[in-house]
Amino acid sequence: MKIPGCKTTYTSSDYSWLSKYLDTSSRGIIENLEAKLAEIHNIKHVVTVSNGTAALFVLYQALGMGMSGSDDPPDLLIVPSYTWPSAANAAAMLGAKVLFMDINPDTLNIEPHALEGLLATARGSYRRIFVVQIHQFGLVENSKSVRRICDEYGAVHIEDAAWTLGSSVPLAGVAGIWSFHPRKLVNGGEGGAIYTDDDHLADACRRYRNHGLDDEGNFSVFALNFRLPVIQAGLIHNQLNRIEYLIQERKRIADFYYSAFAGIEGISLPPKSENHLWQAFVLRLEDYDVSNFKDFCEKKGVEIAHAGFSTHREKAWVSNLLDIQPDLTKTTRYENSYVLLPSFEGMTTDDLEYTVNTIKEALSSVKCSC
Ligand SMILES: Cc1ncc(COP(=O)(O)O)c(C=O)c1O
């Protein structure tokens, strides 16, 4: 049996939408998608772009990151180290400094009191401070308290909601981003979007995604092309028509894994929260040899993926860490312990049982140091 890590089931309706987009003029398709996303999330503005990383980059530019004068101190981005490196890399490319945060190993999110400490240390040494909060794998945690702390310290709070499209938790940040990468709930092949309630910020994002072109037809700022292709917009729009089903499917799979893995020594399950969308299901295997575990599952046809990276330990970053960089003890300790289990709509009970049995076999075969 072969169980992929992720899979999108495109329907006949997706295919007919695609052919409709190939046949008709593209006018209005992007605007319709943006309006639909804004309506689902009860947000004023959505600006689609070519992918989630571009969404962060365009948003940073629109917020003026890195646009300091030569006598100004640099800007600072604070972001958890344990994630995909998009948020940190985009900031570095705009000349901002990056301070990596440790994570709470259960939520993989920012600990508000730790953020407060970092803001207190950094305040005064940077022109502006930006905080990117990442709602990893679908769990939205502490967004209101992070916003409150950011406001208190004059920092800009951005939500990296790459994994939380469809969440009913309201926007807490100044703005946020989604990704339509194939691993995400809605798969556009690639794709991303910025969301915000701020009119001026939304206008600036539209300029920075499209060569700096303003409403009067002037190239008013230096910018590149990060537009979302129309065909992908159509594919994304059609999947949004069944977003409730896609969310319920991930929840069904999470419930199955929960009951199957409850009480097994040496593995930690993610916290059960009504704010979890279960876009991905992550296990923490603290006492196991994860690489042997993955190999074992792979040989049986079950795809298990590495769940994230410690960005501060990646080659591009090791020589670029700040002097005030705090310890990242939990990130470093747990970085290799998290695995992503297969989770996709249409996964059958047979698929799930085979996956669970394979994982249990793997757990009893690979060395446990507990
Ligand atoms: C938390 C997070 N932010 C941003 C991104 C970047 O999204 P994209 O792959 O669409 O560029 C990813 C990608 O997986 C991600 O996991």
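Guide: Let us begin with the inventory: in this predicted model, the protein chain holds 13 helices and 13 strands.

Visitor: What radius of gyration would a compact globule with 370 residues have, and what does the protein chain have?

Guide: A compact globule with 370 residues would have a radius of gyration near 21 Å, and because the protein chain has 21 Å, the two agree. Taken along the principal axes, the box filled by the C-alpha atoms is roughly 65 × 55 × 35 Å.

Visitor: How many of the residues are buried, as a percentage, and what part of the contacts joins residues 24 or more positions apart?

Guide: Of the 370 residues in the protein chain, 46% are buried. Among contacts with a separation of 6 or more, 70% are between residues 24 or more positions apart.

Visitor: Where should I look for a helix that is enclosed by the rest of the structure?

Guide: Look at helix 8, residues 230-240, where eight of the eleven residues are buried, so that this helix is largely enclosed by the rest of the structure. The buried residues of helix 8 are Q232, A233, G234, L235, I236, H237, N238 and Q239, and what covers them includes helix 1 (12-23), helix 2 (29-41), strand 1 (45-49) and helix 9 (243-261).

Visitor: Now to helix packing: how do helix 5 and helix 6 lie, roughly parallel or roughly antiparallel?

Guide: The angle between two axes is what decides this, and angles under 35 degrees count as roughly parallel. Helix 5 (residues 112-122) packs with helix 6 (residues 143-153) at an angle of about 15°, their axes being 10 Å apart, which means that helix 5 is roughly parallel to helix 6. Their crossing is right-handed. From helix 5, P112, L115, E116 and L119 meet S145, V146, I149 and Y153 of helix 6, and by class this contact has six nonpolar, one polar and one charged residues.

Visitor: At what angle do helix 10 and helix 13 pack, and which residues meet there?

Guide: Helix 10 (residues 290-299) and helix 13 (residues 349-365) pack at about 140°, with their axes 9 Å apart, and helix 10 is therefore oblique to helix 13. Helix 10 passes helix 13 in a crossing that is right-handed. The residues that meet are F293, F296 and C297 on helix 10 and T358, I359, A362 and S365 on helix 13; by class, the contact has five nonpolar, two polar and no charged residues.

Note on methods: Residues numbered from 1 in each chain as written. Predicted model: local features only at pLDDT ≥ 70, side-chain atom pairs only at ≥ 80, totals over all residues. Axes fitted to C-alpha atoms, helices over the stretch in contact; angles between N-to-C directions. Helix = DSSP H or I, 4+ residues; strand = E, 2+ residues; numbered from the N terminus. Parallel < 35°, antiparallel > 145°, perpendicular 65-115°, else oblique. Left-handed = near helix turned anticlockwise from the far one by under 90°. Contact = placed C-beta atoms within 7 Å. Nonpolar A, V, L, I, M, F, W, Y, C, P; charged D, E, K, R; others polar. Rg over C-alpha atoms; globule rule 2.2 N^0.38 Å. Buried ≥ 20, exposed ≤ 12 C-beta atoms within 10 Å, placed from the backbone.
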